[in-house]
Amino acid sequence: MGGSNVFRKEFSRRDFLKVGGAGFAGAALLGVAGCGAGGGGSEQGGGGGEVREFRYAFEGPEKTTHGIAADIFQKALEDASGGRMTIKQFPAAQLGGEPELLEKVRSGDIDFVNSSTANAAAIVPQAGVFSLHYLFESKDHIANALSDREVVKVFREMVSESVEGAQALTLYTLPLRNIYAKETEVRTVDDIKGKKIRVQATKTEDVTFKAYGAQTVHMAFPEVYTALQTGVVDMAENAVTYYGINKHYEVAPVMSMTQHAGNTQTIWVTDKVWNSLSKEEKGWVQAAADEVGQKATLQGFELEKEKKEEYSELGVKFFENVDRDSFRQIAQPLQDELARDLGDYAVELVDLIRGLR
C-alpha cells in the first residue's frame, strides 16, 4: 500500500506454476485437505529437476509484516534452490489462527507456519521472554537483536528441547506495540491505572500490566473491536498495522506510542518436511529463513510509517509525547525476575539482548 515496493510482485517461477501448472495446483490443494507434509505434488522444472511446493500459513492479512516475511521467504527459497522449491501462501488465517497453526505444523498437516512468540509460549513457555516490556530499547535495537546469530541460535536450541514435531527457523518482529483507547491519551503510566486493558495471554503481560496498575483482560483478537465499542475493555494494545487493518480506529481513535514491547515472530517447519530434506535442501530453507530475519523487521517498520500517515488522514490521533521512563521504571526491574521464573534459556536471551543495545 502507499506505493511501497515490498508488495510489488515479479513474474517468477511461482507465477508460472500458478498460471500453467493446473494439475500441480490441484495436487497442492488436495494436500491441504489431508495429504501429508511435503507440498502435495511436484512438477518438472525447466532444467529437468523436481519442483516442490510447500504450504506456508499465517494469521495476518497479506499486506502486513506477516505478508512481507512470507514474500521474502518465498523469493529467497526459489533463488537459493534455483527454482526447485517454492511455497503456496495461505494468509489471513485461511488454515486457522495461530494456536491451531502451531498444532498443525507439529502434527505435519502444514509445512511452514508463522507465529508470534507470545502464542508459541503455550508450547514453549520460555518464548514468553520476548514479551518483556522495554527489553528492547529502540527499533534499531530490536532489529539488531532478532537478526543476531547467537540470539537466534539460543532460541532455536530452546525450541528444540521443548517441542516435538517442528523446528523454529528464524526470528523477526512486527512493529512495536502501543496502547489505544476511545479518548484517553497515555502521557504517563498513571493514565492506565485502573483501566481494563486487553492483553496477550502470557504471564509476562499479566504481571507487568498489573504492576502498572491496570486490569488485564484476555480475549481472542477478533473480539477486541466489539469489546472496545461496548466498554468491556477501556484500552487495547497492538502494532499500528494490525490496529488499522482491523479498523480498531473506528472505536478507539487515540493511539499512544508507548512502544512497550516487540511483536516477535518466528517461522516454523514441520519435522516431516525437515527430515525429508537433504543437507543441501535444508541449507536452502535455512538461507530463506535467514533472509527473513535480516529484512522483514526493517521493511515492517517502513510499512508502519506509511500506515500512520494513512490512518492519520482517517482521523486517528497518534500521541507521541509518552513518558516511557514512567513505564520503564516499573517494567525493567521485573525483567530478571520474570526471566528466572521462565527458565535458563530466558535468562540467557535477556543477557544477550541487553548486550546488543
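**Around Phe155**

Q: Let's start in the middle. What does Phe155 touch, leaving out residues up to four places away in sequence?
A: Phe155 touches Thr117, Ala127, Phe130, Ala168, Thr170, Leu171, Thr266 and Leu349, with residues up to four places away in sequence not counted; contact here means heavy atoms within 4.5 Å. This is a predicted model, in which local features need pLDDT of at least 70 and side-chain atom pairs count only at pLDDT 80 or more, while totals for chains, interfaces and linings use all residues. Residues are numbered from 1 along each chain as its sequence is written, and side-chain values use heavy atoms, with hydrogens and water left out.

Q: Which residues of the largest nonpolar core touch the most other members?
A: They are Val124, Phe130, Phe136, Phe155 and Trp268, in a core of 41 residues. A nonpolar core is a set of buried Ala, Val, Leu, Ile, Met, Phe, Trp, Tyr and Cys residues joined through side-chain atoms within 4.5 Å, and buried means under 20% relative accessible area, with exposed over 50% and partly exposed in between (1.4 Å probe, protein chains only).

Q: And which elements each supply at least two residues of this core?
A: Those are α4 (98-107), α6 (139-146), α7 (149-162), β5 (166-181), α13 (324-342) and α14 (344-354), and α7 gives the most, with six residues. Helices (H or I, at least four residues) and strands (E, at least two) are DSSP runs, numbered from the N terminus. There is also a second, separate core of 30 residues, which includes Tyr56, Ala76, Ile87 and Ile267.

Q: Tell me about α7, then. Which of its residues are buried?
A: In α7, Val151, Val152, Val154, Phe155, Met158 and Val159 are buried. Seen down the axis of α7, the buried residues fall within an arc of 165 degrees, so they line one face of the helix; the arc is that of the directions from the helix axis to the C-beta atoms. The face turned away from that buried side carries the exposed residues Arg149 and Glu161.

Q: What do the buried residues of α7 pack against?
A: They pack against α5 (117-120), α6, β5, β9 (254-270) and α14.

Q: Which residue caps the N-terminal end of α7?
A: Asp148 does, with a side-chain oxygen 3.1 Å from the backbone nitrogen of Glu150.

Q: Switching topic to the histidines: is His141 buried or exposed?
A: His141 is buried, with a relative accessible area of 4%, and its place is in helix α6. The side chain of His141 reaches the backbone oxygen of Ile353 at 2.8 Å. His141 and Arg357 are 216 residues apart in sequence, yet their C-alpha atoms are 5.7 Å apart in space.

Q: Where does His133 lie?
A: His133 lies in the loop between α5 and α6, and is buried at a relative accessible area of 1%. Its side chain makes a polar contact of 3.0 Å with the side chain of Glu205. A polar contact is a pair of N or O atoms within 3.5 Å; within protein, one must be able to donate a hydrogen and the other to accept it, and residues adjacent in sequence count only if both atoms are side-chain atoms.

Q: Which helix has Glu205 among its buried residues?
A: That is α8 (residues 203-212), where Thr204, Glu205, Asp206, Thr208, Phe209 and Tyr212 are buried. They pack against β5, β6 (196-198), β7 (215-217), β8 (235-238), β9 and α13.

Q: And where is His248 found?
A: His248 is found in the loop between α10 (240-245) and β9, buried with a relative accessible area of 2%. A polar contact of 2.8 Å joins the side chains of His248 and Tyr180. In that loop there is also Lys247, which is partly exposed at 43% and has a positive phi near 55 degrees, in a residue other than glycine.

Q: Stepping back, how many helices and strands are there in the chain?
A: The secondary structure comes to 14 helices and ten strands. Buried residues make up 55% of the 357 residues in the chain.
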